[in-house]
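Hi everyone, thanks for making time for me today. I'd like to walk you through one protein, piece by piece, so please have a look at the picture first.

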Amino acid sequence: MPTVVFDPARYRGGDGTSTVCADAAALPYRDGTFTLVTSRFALRRLGDPARALREMVRVCRPGGRVVVAEVVRPSYDAPARDRLERLRDPAHPGLPALDDLARLLTEAGARVRRLDRINVERPLDQWLADATDPAIAEGIRQALIDELDGGPRTGARPRVIGGELWYTDTWAHLAAEPHHP
């Protein structure tokens, strides 16, 4: 089976699969080609998530699965968390709400069969390594420290683990079945 890659520079390959570079909104496959179609932490960066999901559902055969893994907004403090994401990376489109992802899958013609929300604690330094400006990264670090000291909530739910500052992502895994008329 081919691996469809939307950003070839990020694909490591070497696993014996063929690689196809394609537009997520116009996949070069017939309807119902695949039994499994996945997107892992990429949907928000594809420009038009609704179109990408419609294509994913279109190329998935009846009885197959469309599986989406995505970082989503926490159920509280969503604007504050989006603000942090955009400070770190001004090109970041923001985090989708879990309900919006489920709605987009349904509107794309799929039935959501399973939905899991997972809180994942991660070291802050790894996330800040991708910041566009070291001064901004330091400002984000200080905002999380301030929150720990009773300051404004950031939506990142910081903790200190083993003397290191960590933050919490909320991941969603949605498994859907195409509903082709």
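Before anything else, one term: when I say that two residues touch or are in contact, I mean that they have heavy atoms within 4.5 Å. Please also keep in mind that this is a predicted model.

Along the chain, arginine 45 and alanine 91 are 46 residues apart, and yet their C-alpha atoms are separated by 9.3 Å. As for the surface, arginine 45 has a relative accessibility of 42%, so it counts as partly exposed.

Now let's step back to the whole protein. There are five helices and seven strands. Reading from the N terminus, the order is β-β-β-α-β-α-α-β-α-α-β-β. The protein has 181 residues, and 40% of them count as buried. If we take the contacts with a separation of 6 or more, 68% of them come from residues 24 or more positions apart.

Next, helix H2. Its buried residues are Ala78, Arg81, Asp82, Leu84, Glu85 and Arg88. These residues are on the same side of H2, because they cover an arc of only 155° around the axis. Pro79 and Arg83, on the other side of H2, are exposed.

Is glutamate 85 buried or exposed? Its relative accessible area is 3%, and buried means under 20%, so glutamate 85 is buried. Its side chain has a polar contact of 2.9 Å with the side chain of arginine 81. There is also a polar contact of 3.3 Å between the side chains of glutamate 85 and arginine 88. Setting aside residues up to four places away in sequence, glutamate 85 touches His92, Leu95 and Trp127.

Another residue to look at is threonine 154, in the loop between helix H5 (134-148) and strand E6 (159-161). Threonine 154 is buried too, with a relative accessible area of 6%. Its side chain is joined to that of glutamate 147 by a polar contact of 2.5 Å. If we leave aside neighbours within four places in sequence, the contacts of threonine 154 include Ala80, Arg81 and Leu84, and Arg81 and Leu84 are among the buried residues of H2.

On to helix H3, residues 98-107, where Leu98, Leu101, Ala102, Leu104 and Leu105 are buried. Looking down the axis of H3, you see these residues within an arc of 160°, so they line one face of the helix. Asp99 and Glu107 are exposed, on the face turned away from the buried side. The buried residues of H3 pack against helix H1 and strands E4, E5 and E7. Just after H3 comes glycine 109, with a positive phi of about 105°.

Take leucine 53: beyond its neighbours within four places in sequence, it is in contact with Leu43, Val68, Leu104, Leu105 and Ala108.

My last stop is the second largest pocket, with a volume of about 190 Å³. Its lining has 14 residues, and Arg44, Pro49, Gly94, Leu95 and Pro96 lie nearest its centre. Which element gives the most to this lining? That is H3, with three residues.

Definitions and conventions:
Residues are numbered from 1 along each chain as its sequence is written. This is a predicted model: local features need pLDDT of at least 70, side-chain atom pairs count only at pLDDT 80 or more; totals for chains, interfaces and linings use all residues. Side-chain values use heavy atoms; hydrogens and water are left out. Buried means under 20% relative accessible area, exposed over 50%, partly exposed in between (1.4 Å probe, protein chains only). A polar contact is a pair of N or O atoms within 3.5 Å; within protein, one must be able to donate a hydrogen and the other to accept it, and residues adjacent in sequence count only if both atoms are side-chain atoms. Helices (H or I, at least four residues) and strands (E, at least two) are DSSP runs, numbered from the N terminus. The arc is that of the directions from the helix axis to the C-beta atoms. On a 1 Å grid over the protein atoms alone, a cavity is a set of points where a 1.4 Å probe fits but cannot get out, and a pocket is an open set with protein on both sides within 12 Å along at least five of seven lines; lining residues have an atom within 4 Å of a point. Grid points are joined across faces, edges and corners, and a volume is the space filled by probe spheres set on the points.
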